[in-house]
Amino acid sequence: MQEIVQYLFSGITTGAVYAVIAVGLSMLYSSTELINFAHGEFVMIGALAMVTLWVRIGLPLPLAVAGAVAAGCMLGLVFERLAIRTARNPQPITLIIITVGASIFLKGAAMIVWGKDPFSMPSFSSHESIEIFGAALLPQSIWIVTAALVLAGGIHLFLKQTLTGKAMVACAVNKKAAWLSGIPSEKMGILAFGISAGCGAVAGIFIAPITMSSYDMGTILGIKGFCAAMIGGLGSLWGAFAGGLLLGILESLGAGLISSALKDAIAFVLLLLILYIRPGGLFAAKEAKRF
Amino acid sequence: MMTDKNKTIWIEYLVFLCVVSAFGLITENTYYLQIMTFIGINTLLALGLNMLMGYTGQVSLGHAAFYGIGAYTTAILSGTYAINPWLALVCAVAAAVLIAFIVGLPTLRLSGYYLAMGTLGFGMIVNIVIREWGDVTGGASGFVGIPVLEAGSLVFMSGASYYFLVWGIVFAAIIICRRLLASRTGRALRAIHDGENAAVAIGINTHALKLEIFMFSAALGAVAGFLYAHFVLFISPESFGFMFSIKIVTMVVIGGMASVWGALLGAAVLTLLPEVLHGFAEYEMIVFGTVLMVVMIFMPQGLTRGIMDIIRTARRARA
């Protein structure tokens, strides 16, 4: 019992991080139909920017978080402007390779700026861990889950309540029709890029205290994020969120109860099962299925 | 009777054979021979994936899995169980083809990004199995003790002999791919690329054909893995991971999709580039990433088509 609760806690924690990554990917996909293989690198940038701003420079926590998110967003926008928009007549496979190139580039740049050594970071608050059913709940876990819920809730409100958000949904449903009714669909794509990169950075910021951050941490997190988004249903916000949580919990339970060696395989076995049985994802709205 | 098209094909083959043998006979430097051997091995991988991706339009982000299956099958059979490596080659190809069949059956029903993610997942699983099945594969620290290839009194050690072995196989593979593409099957593959529904409508069993070409590309991948294992004599899981799958895809796309010589060019560029970039030391990754992005942004059709376009515009400007 105690063990299982402990696994659940750690599963929900990593799951929330996957969820934030998946939400970013999913947002970007629904507005631009682009799968961004550099997404994991924004997670890395968020984590390492946090190390610099909060630990090294000693900015107050909220300011450091804002700075790291801004760094992620800015990089996302620069990447969109320089690499994605300049590509003429883009085929999906060309775009995939451009994002892979960007991923290698960002990794290389981060290696020069931050070096090859991994960094650790203290937890955001120095509270003691809370004991529930004999299992320890780390304060950082509460931070992470809260941040993930606030972020996803915020995006939900943005898409449902604001005019810009509704315009973005319109672009996701049908780009041409949205353009015909006067929505600047290109700008919406840029905005989606910014938000998506920002989500990546948020995931990095909150994961930094519970893992080691280094220039090469992003790739595997990005891929796990894809798995989560695919499991939940590409293009659906809460689907991606649920997919992330589910993946985190199953990984943690699998690692604890079966074998830690196979932890990484769980995500991919789950991915294949979903693709074979329900390719639209577990929670996908019907229109999200495009192929 | 020889048509013009046939003539150019024969001229291309002749040029290819001359260049390859001239390089092998003249070069004494083992480093250059080694790089050229790697180019040959990568060409096999790119050729196989090109059949699937370039001609049939099915993206695979897990091709390194078959490369790994080929390498590890021959390593385990000939290293651990001392089976004749040539027999191990047959087993390696058979294993890769069988796994391709089992995996391809459900996976190839997917399309677009879903197919890409499915193959990615498969590649990751194979890599994790190789890494974690330590008793058999040597695990993360790698597999040591792969025997050297021999045929009669001929020993294929690194150097000119291995170079000729690899490029001989590459030449055979190019001819096989060419013949296949010129056949009815080749036309059917292109039909699937252009429109799967239309292909079904004119009576092509698209699923069976996609599966067959997937198995064919897996077989070529396994041969490449076999050649790699007996060349470097030490293999570890990193050589067959996700990044290498991406690298093979990049070879195909950078060289130019749906072009046999494009696969060769792409493999050459992507093998040579890291060697050249060693000079940049820590800036290597930045330069590599930039090259990928720039080529894809300005020559989305790949280098073969891109360079031909540049030459054509230059000619037109002169006229």
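**Exercise 1. Determine how many residues of chain A are in contact with chain B, and which elements supply them.**

Step 1. Take two residues as in contact if their C-beta atoms, placed from the backbone, lie within 7 Å. In this predicted model, 35 residues of chain A then touch 30 residues of chain B.

Step 2. Assign elements, with helices (H or I, at least four residues) and strands (E, at least two) as DSSP runs, numbered from the N terminus. Two or more residues each come from α4 (92-114), α9 (218-232) and α11 (263-277) of chain A. The most, 14 residues, come from α4(A).

Step 3. Sort by class: Ala, Val, Leu, Ile, Met, Phe, Trp, Tyr, Cys and Pro are nonpolar, Asp, Glu, Lys and Arg charged, and the others, Gly among them, polar. This side of chain A has 27 nonpolar, six polar and two charged residues.

Numbering runs from 1 along each chain as its sequence is written, and chains are lettered from A and ligands numbered from 1 in the order in which they are written. Local features need pLDDT of at least 70 and side-chain atom pairs 80 or more, while totals for chains, interfaces and linings use all residues.

**Exercise 2. Decide whether α8(A) is buried or exposed, and compare its span with the expected one.**

Step 1. A residue is buried if 20 or more other C-beta atoms, placed from the backbone, lie within 10 Å of its own, exposed if 12 or fewer, and partly exposed in between. Because 19 of the 23 residues of α8(A) are buried, the helix is largely enclosed by the rest of the structure. For chain A, 54% of the 291 residues are buried.

Step 2. The expected span is 1.5 Å times one less than the number of residues. Helix α8 (residues 185-207) of chain A reaches 33 Å from first C-alpha to last, close to the expected 33 Å.
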